[in-house]
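Please keep the viewer open as you read.

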Amino acid sequence: MENAKKGNPEREWFGARRVGADEKTRLVRGVFDSVADKYDLMNDLMSGGLHRLWKDRFVRMIRPRPEWHYLDVAGGTGDIAFRIKKAAGPKSPIAVFDLNPEMLRVGRTRAIDRGWVDGFDWIQGNAESLPFADDAFDVYTIAFGLRNVTHIDTALAEAHRVLKPGGRFFCLEFSRVDEPFLAKIYDAWSFRAIPHIGHVIAKDRDSYQYLVESIKKFPPQAELARRMGLAGFKNCRFTNLSFGAVAIHQGLKT
Ligand SMILES: C[S@@+](CC[C@H](N)C(=O)[O-])C[C@H]1O[C@@H](n2cnc3c(N)ncnc32)[C@H](O)[C@@H]1O
């Protein structure tokens, strides 16, 4: 925890705007209140459907087993939890945890639409202070969530605390494109097209402007792996997808 207190350099950045740390958490919550109902459609439009492939790959890397306990933090509308459930089977308990009650409401409705009433716990709260015992889970996942958390190092320390020894941490997040020409195209798409699509479809340019700006403030691949190590994880490594537009980080609690 000591390292976590010293860290968190992004805590005052709400996208490109400097705000207080408390205000940042409140603003992030407001963004997802606003986008919850259009969230799934917008993901398809913004990524051309690619987010589905990234999430499939993410869950394949976990190699889910039925006897494990899963915690999906920033679980939102359930995309990762549903994939884990499909792969691990109906008996595996999955806690879906999110700051935003609206995102969880949409997620719970989607689960019911799929006939999944049991096997999920939908819990509201902040990734920085998880309401779970030490050593409780075999797998901790966070997909497109960590960059929205105000105190990233604190959330990493909490992830480490709630995992059992031998438990694994997995993070799927936007990262840095490693090819300069593609990076330019990617920047043009994110900064021009995405806020515009947000304006037309979700009637909310500002929230999508925040989403693209927050990607720039998030630590690059090697830096995040280093900070996972400071939180106590071993064997920290990452896999780039789509030339690094997205990366999967994983670490082990020993
Ligand atoms: C981009 S969505 C990702 C949802 C889902 N994991 C997915 O991949 O589709 C980000 C989610 O992070 C949640 N979030 C933001 N800050 C959080 C925090 N401090 N603690 C827990 N959840 C948080 C938001 O409410 C939102 O549901």
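In helix α7, the buried residues are Ile-152, Asp-153, Thr-154, Ala-155, Leu-156, Ala-157, Glu-158, Ala-159, His-160 and Val-162. That makes ten of the eleven residues in α7 (152–162), a helix that is mostly covered. Buried here means under 20% relative accessible area, exposed means over 50%, and partly exposed lies in between, using a 1.4 Å probe and protein chains only. Helices (H or I, at least four residues) and strands (E, at least two) are DSSP runs numbered from the N terminus.

A word on the source: this is a predicted model, in which local features need pLDDT of at least 70 and side-chain atom pairs count only at pLDDT 80 or more, while totals for chains, interfaces and linings use all residues. Residues are numbered from 1 along each chain as its sequence is written, and side-chain values use heavy atoms, with hydrogens and water left out.

**The nonpolar cores**

Which residues touch the most other members of the largest nonpolar core? They are Phe-58, Tyr-70, Ile-84, Phe-120 and Leu-172, out of 28 residues in that core. Two or more residues each come from α4 (50–62), α5 (79–88), β4 (94–98), α6 (101–113), β5 (120–124), β6 (137–143), β7 (163–174) and β9 (246–252). A second, separate core has 25 residues, including Ile-152, Ala-155, Leu-163 and Phe-233. A nonpolar core is a set of buried Ala, Val, Leu, Ile, Met, Phe, Trp, Tyr and Cys residues joined through side-chain atoms within 4.5 Å. In soluble globular proteins, nonpolar side chains tend to be buried together.

Setting aside residues up to four places away in sequence, Phe-58 touches Ile-80, Thr-141, Ile-142, Ala-143, Phe-170, Cys-171, Leu-172 and Ile-248. Contact means heavy atoms within 4.5 Å.

Ile-62 is also worth a look, and it belongs to helix α4. Ile-62 counts as buried because its relative accessibility is 0%. With residues up to four places away again left out, Ile-62 touches Trp-68, Tyr-70, Ile-84, Val-139, Thr-141, Arg-168 and Phe-170. Ile-62 and Ile-84 are 22 residues apart along the chain, and their C-alpha atoms are separated by 8.7 Å.

**Around the ligand**

There are 18 residues around the ligand, and Tyr-39, Ala-74, Asp-98, Ala-127 and Ala-143 come nearest; a residue is near if one of its heavy atoms lies within 4 Å. The shell divides into ten nonpolar, six polar and two charged residues. In this count, Ala, Val, Leu, Ile, Met, Phe, Trp, Tyr, Cys and Pro are nonpolar, Asp, Glu, Lys and Arg are charged, and the others, Gly among them, are polar.

| Residue | Protein atom | Ligand atom | Distance |
|---|---|---|---|
| Lys-55 | polar side-chain atom | oxygen | 3.0 Å |
| Ala-127 | backbone N or O atom | nitrogen | 2.9 Å |
| Ala-143 | polar backbone atom | nitrogen | 2.9 Å |

The protein covers 98% of the 600 Å² of accessible area that the ligand has on its own, by the Shrake-Rupley method with a 1.4 Å probe; for residues, only the protein chains shown count as cover.

Lys-55 has a partner within the protein too: its side chain makes a polar contact of 2.7 Å with the side chain of Asp-79. Asp-79 sits in helix α5 and counts as buried because its relative accessibility is 9%. Beyond its neighbours within four places in sequence, Asp-79 is in contact with Asp-40, His-51, Lys-55 and Arg-110.

**Backbone and loops**

Asp-135, although not a glycine, has a positive phi of about 55°. Asp-135 lies in the loop between β5 and β6 and is partly exposed because its relative accessibility is 40%. Asn-235, in strand β8 (residues 234–241), has a positive phi of about 50° and is not a glycine either. Asn-235 counts as exposed because its relative accessibility is 52%.

Is Asn-100 buried or exposed? At 2% relative accessibility, Asn-100 counts as buried, and its place is the loop between β4 and α6. Not counting residues up to four places away in sequence, Asn-100 touches Arg-29, Phe-32 and Asp-33.

Methods
Polar contact = N/O pair within 3.5 Å; in protein donor to acceptor, adjacent residues only side chain to side chain.
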